[in-house]
Amino acid sequence: MKTCLVVDDSKVIRKVARHILETLNFSVSEAGDGREALDSCMASAPDVILLDWNMPVMSGMDFLRALRDSNVASRPKVVFCTTENGMGHIRAAIEAGADEYVMKPFDRETLESKLQIVGLA
């Protein structure tokens, strides 16, 4: 079973994403901020990370940079999931190492298509 780490400070977003991902046959774990997510990845890297941009403690961008600089065993695919839709934000996320980008709110069809793009659906 494929694994996904959902990183978002909103419990509601994590719950919605978990529900969608479980219908797509993913095993899902959650983190409320980038620091928690980094610890989780160091313990056991998922296949894909659904990553929020704006979070307390450690933002999505800071997490992404820290993940890329870490010695995590296998490099997960990263899908940024956020309300930030400016081209500058999208470009910065891709340059920092994100594989794909999805706007909130998202539905099952949108998320599934993004997962297909990164080779995991």
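Asp52 counts as buried, because its relative accessibility is 5% (buried means under 20% relative accessible area, exposed over 50%, and partly exposed in between, with a 1.4 Å probe and protein chains only). Bear in mind that you're looking at a predicted model, where local features need pLDDT of at least 70 and side-chain atom pairs count only at pLDDT 80 or more, while totals for chains, interfaces and linings use all residues. Residues are numbered from 1 along each chain as its sequence is written, and side-chain values use heavy atoms, with hydrogens and water left out.

So where does Asp52 sit? You'll find Asp52 in the loop between β3 (48-51) and α3 (60-69). Those labels come from DSSP runs, numbered from the N terminus: helices are H or I with at least four residues, and strands are E with at least two. Leaving out residues up to four places away in sequence, Asp52 touches Val7, Asp8, Asp9, Gly60, Phe80, Cys81, Thr82 and Lys104 (contact means heavy atoms within 4.5 Å). In UniProt, an unreviewed entry lists Asp52 under "modified residue: 4-aspartylphosphate". UniProt positions are given in the numbering used here, feature names are shortened, and annotations may be inferred rather than shown by experiment.

One of those partners, Thr82, deserves a visit. Thr82 belongs to strand β4, and with 1% relative accessibility it counts as buried. Apart from neighbours within four places in sequence, Thr82 is in contact with Asp52, Trp53, Tyr101, Val102, Met103 and Lys104. Thr82 and Met61 are 21 residues apart along the chain, and their C-alpha atoms are separated by 11 Å.

Two packed helices are described by the angle between their axes and the distance between the axes. Here the axes are lines fitted to C-alpha atoms, for helices over the stretch in contact, and angles run from 0 to 180 degrees between N-to-C directions. Take α3 and helix α4 (residues 87-96): their axes come within 9 Å and cross at roughly 20 degrees. That makes α3 roughly parallel to α4 (angles under 35 degrees count as roughly parallel, over 145 as roughly antiparallel, 65 to 115 as roughly perpendicular, and the rest as oblique). The crossing of α3 and α4 is left-handed; a crossing gets that name if the near helix is turned anticlockwise from the far one by less than a right angle, and right-handed if clockwise. Which residues of α3 and α4 meet? From α3 come Met61, Leu64 and Arg68, and from α4 come Ala92, Ala93 and Ala96. The residues in this contact of α3 with α4 divide into five nonpolar, no polar and one charged. For that sorting, Ala, Val, Leu, Ile, Met, Phe, Trp, Tyr, Cys and Pro count as nonpolar, Asp, Glu, Lys and Arg as charged, and the others, Gly among them, as polar.

Helix α3 also packs with helix α2 (residues 34-43), at an angle of about 25 degrees and with the axes 9 Å apart. That makes α2 roughly parallel to α3, and α2 passes α3 in a right-handed crossing. On the α2 side the contact uses Gly34, Ala37, Leu38 and Cys41, and on the α3 side Phe63, Ala66 and Leu67. The contact of α2 with α3 has six nonpolar residues, one polar and no charged.

Most residues other than glycine have a negative phi, and most peptide bonds are trans. Val57 has a positive phi of about 70 degrees although it isn't a glycine. You'll spot Val57 in the loop between β3 and α3, and at 70% relative accessibility Val57 counts as exposed. Asn25 has a positive phi too, near 65 degrees; Asn25 lies in the loop between α1 and β2 and is exposed, with a relative accessible area of 52%. What about the peptide bond from Lys104 to Pro105? That bond is cis, with omega near -5 degrees, and Pro105 sits in the loop between β5 (100-103) and α5 (108-117).

Leu24 is in the loop between α1 (11-23) and β2 (26-31). Is Leu24 buried or exposed? Leu24 is buried, with a relative accessible area of 10%. Setting aside neighbours within four places in sequence, Leu24 is in contact with Arg108, Glu112 and Leu115.
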